[in-house]
Amino acid sequence: MKFQYILPVIFLISIFGACNLTNDVDLELPEYDRQPVLECYLEPGQPYQLLLTRSFEFFAPFDTSDGQFLENVIEQGATINITHDGKTVTLVEGLFFNPFTQKIFNYGSPEIVPEDFDNAFELEVILADGNTITSKTTIPVKVPIDSVVIEFESDAATDTMARALTYFTDPDPNIENRFRRQFHWNSLVDSSAQQDFLATDQFADNGRIVFGTGFDYPVGDTIWNTVFNMNRDYADFYESVIISVQSNGNPFGQPASIDSNLGGTADALGIFTGLSYSREMTIIEK
Amino acid sequence: MHPTRLILFLWMFFSINSFAQEKFTLSGVITDGESGETLIGATVYVAEVAAGTTTNEYGFYSISLPANQPLKVEFSYIGFQNSERDITLTADQKLDIGMGEGIELAEVVVKANSYQEQLRSTEMSVEGITTKEVKTLPSVLGETDILKVIQLKPGIPSGGEGTTGLYVRGGGQDQNLIVLDEAIVYNPNHLFGFFSTFNTDAVKDLKLYKGGFPPQYGGRLSSVIDVKLKEGNNKRFSGAGGLGIISSRLTLEGPIEKDKSSFIVSGRRTYFDLITRQVNKANEGVEDNQPIPDYYFYDLNTKINFKLGEKDHLYLSGYFGRDQFGFNNETFNFGFNWGNVTSTARWNHQFNPKLFSNTTVTFSDYRYKISNEIVGFSFALDSKIRDVNLKTDFYQNLNSKNTLRYGASVTYHEFTVGRLKAGSDDGEISFSGGNEFDGVEYGLYISDDWEASPRLKVNGGLRLSGFSNDGTFYYGLEPRVAANYKVTNSFSLKGSYARMNQYVHLVSNSGLSLPTDVWYPSTKLVEPQISDQVAVGGSALFKLFGTEVFLTNEYFYKLLDKQIDFIDGAELFANDELEQEFVFGDGYAYGGEISLEKRTGDLTGWIGYTYSKIRRGNFFGPKGDVMEGRYFAPRYDRRHDISIVGMYKINERFRAGATWVYGSGDLSWLPSGRFTFQDVPGAEFQAVVPSYGDRNTFRLPAFHRLDLNLIIKLGLKKKRKNPNRRWESDLTLSVINAYDRRNAFFIFLDVDFAEGTDNDGNLIELPTGVTAKQVSLFPILPALTYNFKF
């Protein structure tokens with residue numbers, strides 16, 4: 001949630017909570033045409049995979065018992081090509097589930113995304129109805145985590161709660177770089193991230209950036225620190241998603257339309273981007 | 001016409017007027033005879049020659065009258081008994097008047113004169129309110145609020161239920177010039193806009209201009225709200241105060257030297273924090289208890305004035321107000337405070353009976369600061385705007401047909417935008433950000449109130465304004481003209497045109513007022529905002545069911561240029577390149593307002609209706625556009641607005657007040673679609689991401705609310721036994737939202753989840769449906785306040 005909205009929202013929640021001034025209402029939303037939604041993250045060393053679904057009218061039912069549900073969600077029958085350095089990879093339709101990341105895709109290829117930070121990847125999708133989705137992206141360079149420093153408040157043997165300071169270096173102080181910071185505790189997939197936010201190198205101190213935690217993590221626990229170096233398109237898209245989620249229900253918030261980097265005739269939502277991140281696992285020790 | 005010819009013509013014209021008949025000037029200051037307070041807008045009328053004038057904002061009047069002719073001069077002011085003087089002018093004469101209160105004795109005459117002055121005046125699109133009216137009308141939680149009462153007048157819709165934000169004739173909330181004793185108040189809100197910074201006990205007068213702006217005002221596009229503080233009783237020591245359910249207030253005033261100098265001190269403080277601290281204490285140790293944050297606000301008004309002689313008067317006044325928000329536990333200490341400081345030093349000088357000057361030095365400061373200390377780490381962010389202003393105004397009664405007003409002002413602005421300091425205690429982590437700007441704003445104006453004929457009055461003027469900032473200089477010529485044609489003694493037609501330039505802008509991305517909204521100067525990229533407004537209308541005084549009522553009907557059209565908005569998803573907080581988030585466009589607004597007012601008898605009040613339509617668009621900026629430049633309605637595009645206000649004197653003991661308001665619902669930007677978002681490895685799957693289309697396409701349900709107020713005067717028997725008894729008190733019972741209407745403060749779409757299992761049997765939450773939820777602000781809300789004065 002944007003910082004400046006926190007206080008008014010706390011205040012209002014206190015009032016509404018006390019008086020129960022929230023009630024259900026019937027309303028008619030403006031007409032909405034369903035749109036294709038595309039997510040494709042090109043991660044070097046991983047196979048080409050893409051998720052292509054459709055958006056819904058806001059009040060559409062979530063009923064999963066309907067046999068047509070999957071058919072309704074998934075965009076079927078598309079032809080998808082990704083071209084890089086003169087080579088075109090065709091993604092075929094199917095279900096591709098990664099048990100380690102718990103992520104699922106409906107188009108994929110066994111081809112591996114090369115580690116190429118210079119040349120662009122171009123996407124071309126022809127949907128079953130003939131409409132197209134196009135996009136272009138590069139893979140940003142990986143920003144290594146310089147160090148993860150575990151600190152305790154005191155040297156006392158009884159002080160077993162630690163914090164983690166994660167240091168990394170701004171890859172280019174001359175341009176604005178944007179990062180996504182994730183911090184996980186105990187599990188990467190079974191629990192949501194303790195921290196997951198966007199940052200810029202505006203917060204660099206002599207080129208060095210640091211993210212911290214509170215003294216909340218006991219000796220013996222495992223933590224994961226992740227730093228994504230983001231393409232501008234990806235950062236804008238992700239930020240617009242966050243704003244959209246947070247604005248619904250916040251009278252002080254200003255919504256935003258989804259900032260996709262997709263062209264073509266299909267008026268699609270989503271992101272086609274290279275993905276580059278550094279992740280370090282640390283066991284808290286004194 | 002060639003300029004030389006024009007000057008010659010004007011000289012001849014004024015000369016002819018001046019020498020047509022020998023005249024002398026009657027001038028002076030009109031005050032409340034009981035307290036010595038100067039009265040603004042008191043009427044001076046001489047029936048024999050059908051000449052009249054009103055006191056200016058400093059209580060001064062000057063009128064040219066025929067020499068050697070016996071005349072009866074009538075002085076009148078709302079709520080006071082008329083005063084008459086027989087005079088025969090053989091030279092210029094000074095005549096100060098102390099009016100005696102006598103509302104029951106001569107009320108009808110007084111009101112009629114006040115209406116007559118409105119029918120005669122070129123001023124249009126002006127709304128005023130008295131503190132007496134404010135105190136008689138219902139108030140939220142017993143906190144009387146002059147800004148909320150002025151919202152009941154036509155053409156001034158509020159920014160939302162319970163808030164003091166003003167959206168005057170299609171203008172934004174940053175387009176209101178709010179001055180307190182001539183010092184700008186940059187944030188007129190306490191508690192996120194639910195209360196205003198103006199303590200009713202300390203306020204003498206409030207005047208709001210919606211259009212037809214006199215040339216002495218500039219710097220904002222859509223309205224001028226001129227608030228004057230009381231000067232303090234220079235006859236005797238007195239006081240007033242109140243004990244309410246959320247705050248208490250106390251005002252003390254009295255002479256420093258009787259009839260020559262006086263003081264007033266007025267303060268109030270809320271005590272939410274005393275209650276919430278007790279609640280938090282009681283809930284300590286309770287599972288899942290969420291402590292309520294600490295919050296309170298306070299403000300203090302002070303003023304002293306000295307009569308330095310027959311011709312000089314010095315006033316010193318100040319305002320200090322703060323909102324304090326705190327939230328802490330063992331691991332963090334969060335603080336957030338914001339507030340205004342203003343101070344004014346004002347010198348009135350009367351050069352001669354025809355020439356009066358007012359010279360003012362003001363200081364304004366608005367700032368907010370957010371700080372947080374977590375173990376080993378601290379963070380502070382602040383923004384501010386600070387002004388020092390010097391201005392001088394001259395009022396010159398040139399002759400019986402022309403009154404000139406001219407003056408100049410210069411303001412030095414200092415802006416701190418998003419100054420950020422953060423770091424760890426050991427210095428390992430440290431970063432900072434923010435911008436600082438300064439700028440100088442200039443104004444030079446002249447206007448003439450010209451009685452072209454017994455029926456036609458014209459006020460024409462010109463303002464030259466400018467702004468410089470870091471080598472960038474902007475200037476603008478702002479013509480202003482207003483005319484009044486009195487068709488009959490009880491019916492007049494009016495018209496006005498005004499151009500306004502605005503050089504400082506409020507960076508706010510929210511529909512509601514937030515203390516974190518920051519002021520930003522015009523720069524090379526950010527050009528001054530401009531508006532042109534034309535208004536036409538008429539006023540009529542007539543009898544309806546045997547009682548005198550005053551009808552005002554106006555229509556306006558306003559063009560707005562160089563308007564500022566923000567790209568979708570703009571990051572306005574701690575952003576060193578804020579301008580890059582701006583988009584610049586234009587807009588227009590038009591509408592009509594009608595009000596029917598009754599000021600006489602036991603039942604007084606008004607009915608107002610406003611129709612308006614507002615559009616903004618053509619927004620483009622360095623990083624993109626808004627809706628490809630298409631026009632859209634801002635959220636405060638309220639089509640219909642009705643207010644009915646009644647005040648009834650039941651008897652000596654009881655007075656009642658009631659307001660009923662109705663408004664078309666505000667617009668809201670709601671999502672029309674949704675999609676699922678899988679996100680990257682390590683991130684959680686989002687089952688519902690709202691997809692927002694065009695801005696503000698959904699209209700909230702219509703708003704309506706009835707508020708009631710009953711004032712019970714206490715101690716009347718004692719007063720009857722001892723008429724000299726000064727202690728007066730009352731109990732005021734307010735009921736807000738009397739029929740418990742649940743008006744929409746905002747609407748959101750809520751996703752319902754149910755627990756399910758995934759393929760591995762793990763518990764997961766699955767979305768099952770969406771419901772639209774409406775959040776209201778006020779249920780039926782009674783409040784009791786004890787008020788006293790002595």
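**View 1. Domains of chain B in the predicted model.** Chain B splits into three parts: domain 1 (3-120), domain 2 (126-226) and domain 3 (227-283 + 291-737 + 782-789). Domain 3 of chain B is written as three segments, 227-283, 291-737 and 782-789. Between domain 2 of chain B and domain 3 of chain B, the C-alpha centres are 5 Å apart.

**View 2. Contact of domain 2 with domain 3 in chain B.** Domain 2 of chain B contributes 61 residues, and these meet 105 residues of domain 3 of chain B. On the domain 2 side, at least two residues each come from α3 (131-136), β10 (176-180), β11 (183-184), β12 (189-190), β14 (203-209) and β15 (223-229) of chain B. Strand β14(B) gives the largest share, four residues. By class, this side of domain 2 of chain B holds 25 nonpolar, 23 polar and 13 charged residues.

**View 3. Domains of chain A.** Chain A has domain 1 (31-140 + 231-274) and domain 2 (145-230 + 277-283). Each of these domains is written as two segments. The centres of domain 1 of chain A and domain 2 of chain A, taken over C-alpha atoms, are separated by 28 Å.

**View 4. Contact of domain 1 with domain 2 in chain A.** Nine residues of domain 1 of chain A meet six residues of domain 2 of chain A. The domain 1 side of this contact consists of four nonpolar, three polar and two charged residues.

**View 5. The contact between chain A and chain B.** Chain A supplies 68 residues and chain B supplies 63 residues. On the chain A side, two or more residues each come from the helices α1 (6-19) and α3 (232-247) of chain A. The strands of chain A that do so are β1 (22-25), β2 (36-42), β3 (47-54), β4 (56-57), β12 (178-185) and β14 (208-212). Helix α1(A) provides the largest share of this side, seven residues. The chain A side divides into 37 nonpolar, 20 polar and eleven charged residues.

**View 6. Strand pairing across the two chains.** Strand β4(A) is joined to strand β39 (residues 671-677) of chain B by two bridges. The two strands run antiparallel. Which residue of β39(B) is the bridge partner of A:Phe56? The partner is B:Arg674. Strand β4 (56-57) of chain A is also among the elements that give two or more residues to the side of chain A touching chain B.

Notes:
Residues numbered from 1 in each chain as written. Chains lettered and ligands numbered in written order. Predicted model: local features only at pLDDT ≥ 70, side-chain atom pairs only at ≥ 80, totals over all residues. Domains from an automatic or database assignment. Contact = placed C-beta atoms within 7 Å. Nonpolar A, V, L, I, M, F, W, Y, C, P; charged D, E, K, R; others polar. Pairing = 2+ DSSP bridges.
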